[in-house]
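The structure is shown below for reference.

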Amino acid sequence: MFIEKMEWPDGKAYAAMISVNLDAEYFGKIYYPDVNVKEGDILRLGQTSIRFGLPRLLYTLRSYGVKATFFIPWQVAKDYPDAVKAVVKEGHEIGCHGNCHELLAPMTKADQLRVLKEATYGLEAFAGKPVEGFRMPEGEINEDTYQVLKALGYTYSSSLSDDDVPYLRENSGIMELPVHWELFDLPYFTFTFDPPIPPGQARAASMDDVLANWYYELEGARRWGTLFNLQLDPQATGEQGRIFMLEQLLDTMKETDDVWIATGSQIAQYCRTKGGYHV
């Protein structure tokens with residue numbers, strides 16, 4: 001629900017959050033929740049994303065002086081501890097992306113608490129400080145999820161696609177930083193033969209077309225003063241020919257110099273101090 005143009009720090013026209021979903025092979029659960037991610041094309045793509053895609057993303061973010069928010073399933077941190085340590089060493093924010101990329105909505109509140117408590121404490125050991133941000137893993141969440149997040153000390157979620165600006169969920173006090181499918185790289189680019197991802201086996205989108213979409217969204221955020229919330233995956237934008245998309249986008253942001261690029265926790269804290277609107 002767009003109400004009025006937001007005021008961003010230092011008179012910036014809009015805000016941008018660069019986020020990375022560090023799913024490794026667990027991305028396969030987005031398409032097949034019960035799939036064994038430890039075999040076949042899914043595993044190979046996941047391992048490649050950690051070995052090659054993540055270092056490219058980290059290098060690019062470092063080159064542009066941008067701090068991102070990395071949403072990580074706890075199981076990925078256990079499987080690839082050195083990768084998570086590299087993210088932390090670069091000064092990026094760590095957020096929770098579930099335990100094992102599970103579907104939370106059908107779970108009882110007690111089960112959600114058990115799963116997210118384990119994930120939270122595990123990720124905080126890597127981060128060396130409280131984890132403030134959450135992004136839902138597979139499927140959907142519900143109001144119980146927000147209550148669990150509140151109980152575990154989270155301040156914000158970046159999960160829903162129901163607005164263009166951050167807003168406060170009154171029942172839980174959790175700030176929601178909305179996302180949008182057109183700013184999510186994985187559906188554009190992910191591809192495996194076995195099992196077929198995407199299920200219809202459409203080929204990867206044109207990089208020029210995707211970048212054009214992102215530019216239009218960037219201009220929309222600038223015009224309306226909203227939040228440009230980009231979701232990246234090492235197995236997608238981290239690929240050697242696609243990393244240039246992120247570089248060009250960041251070049252545009254730096255050239256115009258009218259955007260506040262911040263982490264999820266920084267944006268949530270700012271919006272909370274400004275009062276934000278409630279739902």
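A residue is called exposed when its relative accessible area is over 50% and buried when that area is under 20%, with partly exposed in between. The model under discussion is a predicted one.

**Helix α4 and its surroundings**

Helix α4 spans residues 81–89, and its buried residues are A83, V84 and V87. Viewed down the axis of α4, these buried residues fall within an arc of 95 degrees, so they line one face of the helix. The exposed residues D82 and K89 are carried on the face of α4 that is turned away from the buried side. P81 also lies in helix α4; its relative accessibility is 28%, so P81 counts as partly exposed.

The buried residues of α4 pack against helices α2 (40–63), α3 (74–79) and α5 (109–127), and against strands β2 (69–72) and β3 (93–96). After α4 comes G91, which has a positive phi, near 85 degrees.

Strands β2 and β3 run parallel and are joined by four bridges. F71 has G95 of β3 as its bridge partner. In a regular strand, side chains alternate between the two faces of the sheet. In β3, E93 and G95 point one way, while I94 and C96 point the other way, and all of them are buried.

**Aromatic residues**

The whole structure contains eight aromatic pairs. Such a pair is described by the distance of the ring centres and the angle of the planes. Two of the pairs are listed here.

| Pair | Distance of centres | Angle of planes | Class |
|---|---|---|---|
| W8 and W260 | 6.2 Å | 40 degrees | tilted |
| F134 and Y154 | 6.3 Å | 80 degrees | edge-to-face |

W8 counts as buried at 4% relative accessibility, and W260 is buried with a relative accessible area of 18%. Together with Y270, W8 and W260 form one aromatic cluster.

The pair of F134 and Y154 likewise links distant parts of the chain, here 20 residues apart. F134 belongs to strand β4 (residues 133–134), whereas Y154 is in the loop between α6 (143–151) and β5 (156–157). Both F134 and Y154 are buried.

A charged residue also meets an aromatic ring: R169 lies over the face of Y146, at 4.3 Å from the ring centre.

Technical notes:
Residues numbered from 1 in each chain as written. Predicted model: local features only at pLDDT ≥ 70, side-chain atom pairs only at ≥ 80, totals over all residues. Heavy atoms only, no water. Buried < 20%, exposed > 50% of the residue type's maximum accessible area, 1.4 Å probe, protein only. Helix = DSSP H or I, 4+ residues; strand = E, 2+ residues; numbered from the N terminus. Arc of directions from axis to C-beta. Contact = heavy atoms within 4.5 Å. Pairing = 2+ DSSP bridges. Phe/Tyr/Trp six-rings, centres within 6.5 Å; stacked < 30°, edge-to-face > 60°. Lys NZ or Arg CZ within 6 Å of the ring centre and 35° of its normal.
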